[in-house]
There are 2 protein chains.
Amino acid sequence: MQHTELKVGELARRTGLSIRALHHYDEIGLLEPSAHTASGHRLYTAADIARLHHILSLKQLGFSLEEIAGTLGRADFSALRVVELRLQRAREQLAEQRQLCERLDAIARQLRAAEPVSADDFLQTIEAMTMFEKHYTPEQLKELEARRQALGEDAIKEVEAEWPRLIARMREEMEKGTDPAIEPVRALATRWRELIRAFTGGNPGIEKSLQTMSQQEPQMAWRQGRDPRLMEYVGRAMACLDASK
Amino acid sequence: MQHTELKVGELARRTGLSIRALHHYDEIGLLEPSAHTASGHRLYTAADIARLHHILSLKQLGFSLEEIAGTLGRADFSALRVVELRLQRAREQLAEQRQLCERLDAIARQLRAAEPVSADDFLQTIEAMTMFEKHYTPEQLKELEARRQALGEDAIKEVEAEWPRLIARMREEMEKGTDPAIEPVRALATRWRELIRAFTGGNPGIEKSLQTMSQQEPQMAWRQGRDPRLMEYVGRAMACLDASK
DNA sequence: GTACAACCTCACGTCGCGTGAGGTGCAAGG
DNA sequence: CCTTGCACCTCACGCGACGTGAGGTTGTAC
């Protein structure tokens, strides 16, 4: 009679589990050692160890301890169905994880491209991306990404830098009460439209999404000064452009 | 003075969060409303709402509430570094998730291929795959997978079916005490070697891994009758083959 | 006898809330 | 004035898979 039964420490060492984990499995009834010494020390038999191996196998597949207990409990389950359900769940999680990586990567690229990164810029960048994901379809996002690639970082930066200047000049005219139909404003409105085109690429779906987004998220930081009053002024200037065309 | 401050319910409705979540953020000091009514009802100001948007943005990137609190706490952090660290973590998790999917998919394919799936077969299949992942390098696993693809499911099933028969016949000779150098055994040993070759493809690295695995995991179920005594007999038969070649 | 490792049993902490239980504030209808 | 009903409030436990002590017992060697 060799002492083939193991105590917790030994079993923990051999399986790489912690002693506490084995205690836990005992507590929840997942793996109760079939023997104890007189003083209460746990003794794991060969059968227990085999069961533990099964448990660890199922754990590797991402099943919860409860699911494992259920599966090992009765032997009449459909293995294939169980695995396929688990696989489906895993695939969904994989997709989410992939999306998260893409989000983070996009942010990281943005941050690397724009050198002045105050905490505020950072948060605004993220908020903008969140909004984008909310209001554009994945295809539209891909198209936008493609356009950015094609234009190159420098061109994008130039456009980004032009916006505040354009907004400031437009506001100036509005404050002066200039008629949006006449000249300095006509040129500004034309340029305004061009900058939007540079972003949307003339894609009507993207333009529409941009509109709904700017209507539904009026507090968005990317407006940087495009308040409703100014937007209304710009809208009138645009209308005049169209009318006289 | 418009009542621009929101109560919890309203804010919850607008953000899609639960009331309890907002309470929680208050509890842990992540988002404490800057005002309360006389009766203690929470009043969220525009600034609070802006902060909440920042919180949700960071949450979307997978940061924990504690990390978010820390990030929003002081404004002097390196945004890029934070994001890159998070990205690294996310990539690791993505790799793990991908591996899990592959494991599950492999199991599912196995189960679909072999029609009789008792619970025991199921667990043995998983255990075998776990062992494989432990003892073979990823490249070796890829090569094995490629070989399976090339051979086709049917051929594999035939080989799998032949093993028990071969083992039984070999054991028969051993029980009879047949000299492993003479005929019926020579043929069996030759076939034995062929079946192993069919699996390893003659790759020496894979053969070596197979050896170390069969030595270190003697309790493995895939041995299905290949006990040490039999293995020793087979070893002698192989040696005789080599000697007379 | 005594040191020391290995074992034991509580029991609380983790993370992001869900889910009640039990009470209060406030406006409208009977 | 009283009730109804809704939105709000504050506890406080629960989940999942253990980690991490605290404080006590057992087993073995010197």
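I began with Tyr25(A): an N or O atom of its side chain lies 2.9 Å from a phosphate oxygen of DNA strand D, which I logged as a polar contact (a pair of N or O atoms within 3.5 Å; within protein, one must be able to donate a hydrogen and the other to accept it, and residues adjacent in sequence count only if both atoms are side-chain atoms). The model is predicted, with pLDDT of at least 70 required for local features and 80 or more for side-chain atom pairs, while totals for chains, interfaces and linings use all residues. Residues are numbered from 1 along each chain as its sequence is written, chains are lettered from A and ligands numbered from 1 in the order written, and side-chain values use heavy atoms, without hydrogens and water.

I then looked up Arg42(B), where a side-chain N or O atom is 2.8 Å from a phosphate oxygen of DNA strand D.

I next listed the surroundings of DNA strand D and found 17 residues, a residue being near if one of its heavy atoms lies within 4 Å. Among the closest are Ser18(A), Gly9(B) and His23(B).

Finally, I checked the cysteines and found 0 disulfides over all chains (a disulfide is a pair of cysteine sulfur atoms within 2.5 Å). For Cys101(B), the nearest cysteine sulfur, that of Cys101(A), is 14 Å away.
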